[in-house]
Amino acid sequence: MGLDKILSISGKPGIYELKTQTRSGFVAESLLDGKRISVGLRHNVSILSEIAIYTLTEEIPLREVFEKIKTKENGGPTIHHKVSKDELEEFFFNVVPDYDEDRVYPSDIKKVVQWYNILQKNNLMDFSAPEATSDEEE
């Protein structure tokens, strides 16, 4: 499963796996504790595959940042998201040396680190690009 089924829901801790769609929204399962919640249309939801990190030259997809962390940590867990702001920034600078320090806040870095560790713990480490579907193949 790729990042296109993994969600961040504002106001809710951690990240969620999209399970099924309902008339009024969808059902998601927490990757932290396995609890299922019903998410309505009023919630602000972000799909991890749609998130990008600002660099000085371009925006790089979150999946590429996760892949860099995975390579740096040899597929294992990384630093804890509750370490100091300076440690988080130093870590992130080693992963993405040209990230835009004016637009990527420590709270963003904290989320990226936390999300990576949750994905790693749940063995959801497939950060490859989604395959493009093409009508020409038929």
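Colleague: Is N74 buried or exposed?
Modeller: In this predicted model, N74 is placed in the loop between α1 and α2, and its phi is near 55°, a positive value in a residue other than glycine. Most residues other than glycine have a negative phi. The relative accessible area of N74 is 73%, and since the cut-off for that class is over 50%, N74 counts as exposed.

Colleague: And N123, which also has a positive phi: what is its relative accessibility?
Modeller: N123 is found in the segment after α3, with a phi near 55°. N123 counts as exposed, its relative accessibility being 65%.

Colleague: Turning to the aromatic rings, how many degrees lie between the planes of F66 and Y116?
Modeller: The model holds four aromatic pairs, and in the one formed by F66 and Y116 the distance is 6.3 Å centre to centre. This pair links distant parts of the chain, with F66 in helix α1 (residues 62-72) and Y116 in helix α3 (residues 106-121), 50 residues apart. Both residues are buried, and their pair is tilted, the angle between the planes being 45°.

Colleague: Why is the pair of F92 and Y99 described as edge-to-face?
Modeller: The ring centres of F92 and Y99 are 5.1 Å apart, and F92 is buried at a relative accessible area of 0%, while Y99 is buried at 4%. Planes over 60 degrees apart count as edge-to-face, so this pair belongs to that class because its planes stand at 75°.

Colleague: Which residue is linked with F66 and Y116 into a cluster by ring pairs?
Modeller: The F66 and Y116 rings form a tilted pair, and both residues are buried. Ring pairs link these two into a cluster with a further residue, F127.

Colleague: Which residues does V65 contact beyond its neighbours within four places in sequence?
Modeller: In soluble globular proteins, nonpolar side chains tend to be buried together. Leaving those neighbours aside, the contacts of V65 are I53, I60, F92, V95, V96 and V112.

Technical notes: Residues numbered from 1 in each chain as written. Predicted model: local features only at pLDDT ≥ 70, side-chain atom pairs only at ≥ 80, totals over all residues. Heavy atoms only, no water. Phe/Tyr/Trp six-rings, centres within 6.5 Å; stacked < 30°, edge-to-face > 60°. Helix = DSSP H or I, 4+ residues; strand = E, 2+ residues; numbered from the N terminus. Buried < 20%, exposed > 50% of the residue type's maximum accessible area, 1.4 Å probe, protein only. Contact = heavy atoms within 4.5 Å.
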